[in-house]
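Good morning, colleagues. Please take a moment with the sequence and the model before I go through the fold, the cores, the disulfides and the surface.

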Amino acid sequence: MGCFTFIKVMMILFNLAIFLSGGTLLGVGIWVKVDGESFLKIFGALSSSVLQVVNVSYLLIVIGAILLVIGFLGCYGAQKESKCLLMMFFSVVLIIFIAEVAAAVVALVFTGLAETLLTGLVTPLLKERYGVNDTFTHIWNATMKEVHCCGLNNYTDFNNSYFYETHGSYPRQCCDMLEPCNVTLAAEKDVEGCFKQILEEIKTNAGVAGGVAAGIAALEIAAMAVSMYLYCRLDEK
């Protein structure tokens, strides 16, 4: 088996694994979106994960779809020795790599901006959906209880919310599980918001996160190098 054939086979197998992983994530994302309650019952509360602050189902669907596209382009492009598909594969991976680097820089340099953006997105959802949507409420209750936090920033995130207007109080997690959780008790307990808690957890596990990020970056660079090698070798055939 020549070098070209070996690399081609490895490219096909590697991208087949990516394709199958993407399909799995896409399926799980659809499952969470359609039946989130059963997902939580099986896997429990993902209380220590940042995924609880965002919509898990949409995140999984987007990641799964991207992996499906990448896996298909790489696998089918290598199998058919298509220069067009290989170049598309290279371009998509390069765009993702640049986006990841940009996101890492923004996360490191503009943490305050990230907090502002999250506040603008998540706080309105808390006001509108907490106490209305059972799955949304259950996820936030589990998060606030296990991480020992309240809202995204603090108890004021629930001001003028559906929950506060209906019950006349804040979630008990904002008062160290004491009731009634009124504004006086909430201000006295001053439980930190979940964003700060999750940020601290990320900083604590920065070494692991950095290692994972470096590994993913290395795989992406290797994938781009292999796809370009196959692309260039096709000119010689």
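Read along the sequence, the protein follows the pattern α-α-α-α-α-α-α-α-α-α. That is ten helices and zero strands, where helices (H or I, at least four residues) and strands (E, at least two) are DSSP runs numbered from the N terminus. This is a predicted model, in which local features need pLDDT of at least 70, side-chain atom pairs count only at pLDDT 80 or more, and totals for chains, interfaces and linings use all residues. Residues are numbered from 1 along each chain as its sequence is written, and side-chain values use heavy atoms, with hydrogens and water left out.

Some totals come next. Of the 237 residues of the protein, 32% count as buried; buried means under 20% relative accessible area, exposed over 50%, and partly exposed in between, with a 1.4 Å probe and protein chains only. Among contacts (heavy atoms within 4.5 Å) with a separation of 6 or more, residues 24 or more positions apart account for 70%. The protein exposes about 13,300 Å², and carbon and sulfur atoms supply 68% of that area. Accessible areas come from the Shrake-Rupley method with a 1.4 Å probe, and for residues only the protein chains shown count as cover.

Let me turn to the interior. A nonpolar core is a set of buried Ala, Val, Leu, Ile, Met, Phe, Trp, Tyr and Cys residues joined through side-chain atoms within 4.5 Å. Which residues have the most contacts inside the largest nonpolar core? They are L126, Y130, W140, M144, F158, Y170 and C174, in a core of 22 residues. Two or more residues of this core come from each of α5 (111–129), α6 (134–147), α8 (183–189) and α9 (194–204). The helix that gives the most is α6, with four residues. Apart from this core lies another, of 18 residues, among them F4, I18, C75 and A223.

Leaving aside residues up to four places away in sequence, Y170 touches Y155, F158, N159, F163, Y164, C181, N182, V183 and A186.

I come now to the disulfides, each a pair of cysteine sulfur atoms within 2.5 Å. How many does a search of the whole structure find? The search finds three. With the bonded cysteines numbered in sequence order, the pairing is 1-6, 2-3, 4-5.

The link of C149 and C194 is right-handed, with 75° about the S-S bond, and both cysteines are buried.

A disulfide also joins C150 to C174, at 1.9 Å from S to S. Since C150 sits in the loop between α6 and α7 and C174 in the loop between α7 and α8, the pair ties together parts that are 24 residues apart in sequence. Both C150 and C174 are buried. The torsion about their S-S bond is about 75°, so this disulfide is right-handed.

C175 and C181 are likewise joined by a disulfide, with an S to S distance of 1.9 Å. Here the torsion is about 75°, so the link of C175 and C181 is right-handed. Both C175 and C181 are buried. By contrast, C3 counts as exposed at 51% relative accessibility, and C84 counts as exposed at 52%.

Next, the surface. F6, V9, M10, L13, L16, F19, L20, F72 and Y76 make a nonpolar surface patch of about 800 Å². Patches are made of residues with over 30% relative accessible area and no salt bridge, with like charges joined within 9 Å and nonpolar side chains (Val, Leu, Ile, Met, Phe, Trp, Tyr) within 5 Å. At least two residues of the patch come from each of α1 (3–34) and α3 (56–80), and α1 supplies the largest share, seven residues. M10 lies in helix α1 and is partly exposed, with a relative accessible area of 38%.

Finally, the structure holds one salt bridge, a side-chain nitrogen of Lys or Arg within 4 Å of a carboxyl oxygen of Asp or Glu. Where do its partners lie? K8 lies in helix α1 and E81 in the loop between α3 and α4 (83–109), so the pair ties together parts that are 73 residues apart in sequence. Their side chains meet at 3.0 Å, N to O. K8 counts as buried at 17% relative accessibility, whereas E81 counts as partly exposed at 26%.
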